[in-house]
Structure formats: C-alpha cells, structure tokens
Amino acid sequence: MDIQKALLSLLCAFAFSGYAQKIPPRSYVAHRVETPLTIDGKADEQEWKEAAFSQPFIGIEGEKIPKYATRVKMLWDEENLYFYAELNEPHIWATLKQRDTVIFYNNDFEIFIDPDGDTHNYYEFEMNALNTVWDLLLVKPYRESAPVLDSWDIQGLQTAVSINGTLNDPADTDTGWSVEIAMPWSVLVETSGSNDLPADQFWRINFSRVNWDFELNEDRYSRAQDASGNYLPEYNWVWSPQGVINMHEPEHWGYVYFSSKPLTETENFSIPVDEQIRWKLYEIYRKQKTFYNTHKAWAEDLDDLDAASFEIEGKIVKPEINTHKMGWTIFVESPFTGYTYSIREDGKYLKID
C-alpha cells in the first residue's frame, strides 16, 4: 500500500471520535542544557543521565499495561529540542528503509507536536529500528478532512538508533532499542505563532509506540496474519492516554514545559486551571458534532447540548455561542484569568487576549 492509500485508510479509521477528559493529560518538564548533545542513540552524556524519565507508557485508551516498557526523556538548548526513548523489546526487527514510507507498518516510535495547542498545523514523526523516518505536517486532524503535507520535512533533523541485541535475528532474545532525536527549533516554531523559543512555556506533545505481533518466514520477520490473511491488530502504547484509539485528537496530548532552569534546579509545573476550560470546550465541540450528525444542522442554543454552563474548581462558567452560515463559534471568559477562549466548528481553539 502506498502512502496516499495509507493516509486515506487513516482518514477513514480516524473519523470523528472522542471522549470527555476524564483524567488530566500527563506533563513533563524539559530542562535547558548549554552544551549540544551528540546524537548517537545512546544518551551517554551526563545531561541525559540527570534528566528524568517520563512515566512508563500505557495503553492508548489509558487502561492496559503494555507488555513491553517504554519511557522517554526530553532536553533543549538554543538550537534543538532533544528526545531520548528506551523501548524494551525481545525481538527487534524492521524492514522499511525508504524515508517517508508508512513507518508504522513496522514496530516504531512516534512523536506528535502541536506548538500552539490549537489542534491545527501539528507535526507527526515516526522512526523504526533501522533509523528510517517519516515526518509530516497535518493541517487539521483527520476528523476534519484537511490536507496532509507528507512532503514536509524537518530540515536539520538528527536521529540515531542503538540496538541492545541483534536486529532482524530471530535466533536470540534481545533487550531493547533506544532512539535519540534532535529537532531544530527553526523548524518547530513555524506553526507556533512566534519565532521565539518557548522558554518557560508549554507545548502539547505526545508519544506513541506501535508494536505488532510477528511471524517468521525463512527467518524473516513480518507482521502476523490470521487464517484469512488479515494482519493482526497492532498494539498502541502512549505516554499520555488518549482515551480512544486515535492519536489524532491533539486536545488529549500531554503538556511539556520548557524550563529555562538547569538540570541542577528543581522546576515545579502544574497544568494551568484555564486548561480545564479547553477540555470542556472540546466536550461541547463533540456534542455539536453529534447533534449535527443527528439533525443535519448545528445547535444554535447551548441548552440543546446540555452545555449552557459548567463548573470548574467551584466556579460556574457560562459559554456563549455564535452561529453563522459557515458554522459556529463558542466563547468563554475565564473566571480565573479574565482571558477569553474560543472554539469553532472545525475544532480550532484560540486564546483571545
């Protein structure tokens, strides 16, 4: 299957879905370092040794414990955002060698980045144990049927893989593989709304690991199939739970705070209370989608969505809706900060200063 067909398949699989934000997304503090890191897949530098690991990955819906552990670390400097991941795996295999092929047809490691948190114009990155990468930019989530810019590349990207075992050798049992990645800020800030580095700010980021049951044919690994020749379903393991089997709901991704403090200093980061307004607005967005699917028209009164008001931290919040020929926009003023937030029919979320 070529890339365009694979993306069309994803578009069908990731039709509108979602769930209420039952538990907060996870968060991580990435500290600033002064010395550039050597990208060799091993993370031998003292800076990596001092950086904290994330929580272990969990099943994408937030319940099942993966059979193989995965953890990540992050650091940053003036030039790059750095990632390091360790993936336990008793059988390390990979077959895809062409850049921008559909890497998740192999076991892979994936990064998703939405710099401004509006769920639009976000990045997806995938790599396998052969250090083959796929990077793309999504104008909107698949649920909104927008273009996918597969020809987009992360200029200046550095990646490396380290194998603790033997690649593509079924005769032994491996320990795992690790990946190290440097992504230049000059590329990442393109969709952030600013050319400045996000020092002491947060971005929405998530990580995914796709893992397949395998079968051997003349000692060659491939994805396992059932008796009818259909591939067995993959496992989806993530850092911050999505609640649904769909990575392309950026509103559920984790929060990464880029601390300007060195690793020797403690940084305490809590997800701002205004983010709970974002979560509630995406619940209303989904209710509007459901209402439209039933009535073939948008709800013009929030009472029809059971969304005339909601409570956050003991305060009552009352959104307002503005419908028009092209769709709708919902506005909310934060009782905590006084900022106004909005969400519209295609899911784009904005902060209005």
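Let's start with N121, which sits in the loop between β5 and β6 (122-127). Strands here are DSSP runs of E with at least two residues, helices are runs of H or I with at least four, and both are numbered from the N terminus. Before going on, note that this is a predicted model, where local features need pLDDT of at least 70, side-chain atom pairs count only at pLDDT 80 or more, and totals for chains, interfaces and linings use all residues. Residues are numbered from 1 along each chain as its sequence is written, and side-chain values use heavy atoms, leaving out hydrogens and water.

Back to N121: its phi is positive, about 50 degrees, although it is not a glycine. N121 counts as partly exposed because its relative accessibility is 29%. The scale behind that label calls a residue buried under 20% relative accessible area, exposed over 50%, and partly exposed in between, with a 1.4 Å probe and protein chains only. Look from F125 to P115, 10 residues apart along the chain, and their C-alpha atoms are separated by 14 Å.

Next stop is the loop between β4 and β5, where you find D100. D100 is another residue that is not a glycine but has a positive phi, here about 65 degrees. At 11% relative accessibility, D100 counts as buried. F104 lies in the loop between β4 and β5 as well, and with a relative accessible area of 14% it is buried too.

A salt bridge here is a side-chain nitrogen of Lys or Arg within 4 Å of a carboxyl oxygen of Asp or Glu, and a search of the whole structure turns up 18 of them. In one of these, R99 pairs with D153, and the closest N and O atoms are 3.6 Å apart. The two partners come from distant parts of the chain, 54 residues apart: R99 from the loop between β4 (80-88) and β5 (108-114), D153 from the loop between β8 (148-149) and β9 (158-164). How covered are they? D153 has a relative accessible area of 25%, so it counts as partly exposed, and R99, at 37%, is partly exposed as well.

Now for helix α4. Its 21 residues reach 30 Å from the first C-alpha to the last, close to the 30 Å expected at 1.5 Å a residue; that expected span is 1.5 Å times one less than the number of residues. Two salt bridges land on this helix. In one, K289 of helix α4 meets E144 from the loop between β7 (133-138) and β8, so the pair ties together parts that are 145 residues apart in sequence. The closest N and O atoms of E144 and K289 are 2.8 Å apart. E144 is buried because its relative accessible area is 17%, and K289 counts as buried at 14%.

The other bridge uses R286, which pairs with E251 at 2.2 Å between the closest N and O atoms. E251 sits in the loop between β14 (235-238) and β15 (254-259), while R286 is in helix α4, 35 residues apart, so to speak, across distant parts of the chain. Both E251 and R286 are buried. Salt bridges that share partners then join R143, E249, E251 and R286 into one network.

Just after α4, K296 takes a positive phi of about 60 degrees. Carry on into the loop between α4 (275-295) and β16 (310-312) and you come to D304. There is a patch of negative charge on the surface here, made up of E300, D301, D303, D304 and D306. Patch members have over 30% relative accessible area and no salt bridge; like charges are joined within 9 Å, and nonpolar side chains (Val, Leu, Ile, Met, Phe, Trp, Tyr) within 5 Å. Asp and Glu count as negative and Lys and Arg as positive, leaving out His and the chain ends, and a charge is placed at NZ of Lys, CZ of Arg, CG of Asp or CD of Glu.

We finish with a nonpolar surface patch: F331, L350 and I352 together show about 220 Å² of accessible area, computed by the Shrake-Rupley method with a 1.4 Å probe, with only the protein chains shown counting as cover for residues. F331 belongs to strand β19 (residues 327-333) and counts as partly exposed, at 31% relative accessibility.
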